[in-house]
Amino acid sequence: MKVQALERVGNRLRLLDQTVLPHQVVYKDLDDYREIIVSIKRLEVRGAPAIGIAAAYALAIGVQQDTSHQRDYPMDQLSALADEIRRARPTAVNLFWAIDRVMDRIRQAGELSKSSLVDMLWGEAEAIHEEDRRMCRQIGENGAALIADGDTLLTHCNTGALATGGIGTALGVIYVCRDQGKRIKVFADETRPLLQGARLTAWELMQEGIDVTVNCDNMAGTLLQQGRINHVIVGADRIAANGDTANKIGTYPLAVLARAHGVPFYVAAPSTTFDLSIATGKDIVIEERGGNEITEVFGTRVAPEGVNVFAPAFDVTPTELVSAYITDTGVRPGGRTD
Ligand code: MRU
């Protein structure tokens, strides 16, 4: 892939700042965990799997930079650091999954010197990164079996290399189709309010030579009505035990439209995005972001001062609207029956 969202460089984390794409390609080398938390909050690094990977690196960097403990590192301090990182964003379960996984490994390891702890934290972060890379490829291969040469896909938000440690989830399926020689066309919802589709998906797919067309979110219905879409494919931030799926705001209406037009609706996600601890989507915490993301377009006010704003960053698509889940372990049926 020509694009990589994050990378370990020595004892730092290198992030591609996604807030300035596609106009500028700016990398940030971070050696302070607080800067990584800010980058997650500001969406400089974003997408559920990438957030989880960044969180694991933040834990390693947080212990590494703490000079108040030279020989060993108190467990309660590590837990406090983990909790601080957990608060960066609430919806994508990969963040919590990654932190929990690292903390479990550390507890299992027992007494550790500070330098062994730092080595182990870097090692776990790199393992999570590498496993995500492998899961993306597997998702791509499993999903590509559903797509035929000449198909046109509609997607929402950004689910590619920018959002993961590898080739992506929904976009990973498209890349594997390309590698298999299938000629695929993609429509990318612009994805209001922060335009991950127009700014990131369009840019990323063009870097990879994929035929991509941007449409406003409210044009998806017309595309489906005109019979121009063979499959809708999206990613996920958290999938509850019953299959209800939280993803970028605007995913739910797309699923309703797909069913109304008899077009399959696929959710592509790694195993790390399934949260079996919650029964249904009602239990998923939905992030509310600043109202200025709605009332302003890149710093220019477009709504009247003082107006009320509704600003959820994600919505929940009930499993009844999902045709199938494309995961690293295979394709599982959703609750949609047509
Ligand atoms: O707010 P964002 O840009 O982090 O939201 C990202 C999404 O909703 C993606 O669709 C999801 O994380 C899947 S990424 C493989």
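This is a predicted model: local features need pLDDT of at least 70, side-chain atom pairs count only at pLDDT 80 or more; totals for chains, interfaces and linings use all residues.
The largest pocket holds about 380 Å³ of space. Its lining comprises 15 residues, and those nearest the pocket centre are Thr19, Pro193, Leu194, Glu293 and Phe298. Helix H10 (292-295) and strand E12 (296-297) are the elements that give two or more residues to this lining. By class, the lining of the largest pocket has six nonpolar, three polar and six charged residues. Because domain 1 (6-137) and domain 2 (146-333) both contribute lining residues, the largest pocket lies between them.

The second largest pocket has a volume of about 180 Å³. Among the residues that line this pocket are Asp72, Tyr73, Pro74, Met75, Ile106 and Glu111. Seven residues of this lining are nonpolar, one is polar and two are charged.

The largest cavity has about 190 Å³ of space and is lined by 22 residues, with Arg46, Gly47, Ala48, Asn158 and Asp237 nearest its centre. Helix H2 (48-65) and strand E9 (245-248) each supply at least two residues of this lining. Domain 1 (6-137) and domain 2 (146-333) each provide at least three residues of the lining of the largest cavity. That lining divides into nine nonpolar, nine polar and four charged residues.

The second largest cavity holds about 80 Å³. Its lining includes Pro193, Leu194 and Glu293, residues that also lie nearest the centre of the largest pocket, together with Thr19 and Phe298. Seven nonpolar, one polar and three charged residues make up the lining of the second largest cavity.

Definitions and conventions
Residues are numbered from 1 along each chain as its sequence is written. Side-chain values use heavy atoms; hydrogens and water are left out. On a 1 Å grid over the protein atoms alone, a cavity is a set of points where a 1.4 Å probe fits but cannot get out, and a pocket is an open set with protein on both sides within 12 Å along at least five of seven lines; lining residues have an atom within 4 Å of a point. Grid points are joined across faces, edges and corners, and a volume is the space filled by probe spheres set on the points. Helices (H or I, at least four residues) and strands (E, at least two) are DSSP runs, numbered from the N terminus. Ala, Val, Leu, Ile, Met, Phe, Trp, Tyr, Cys and Pro count as nonpolar, Asp, Glu, Lys and Arg as charged, and the others, Gly among them, as polar. Domain bounds come from an automatic or database domain assignment.
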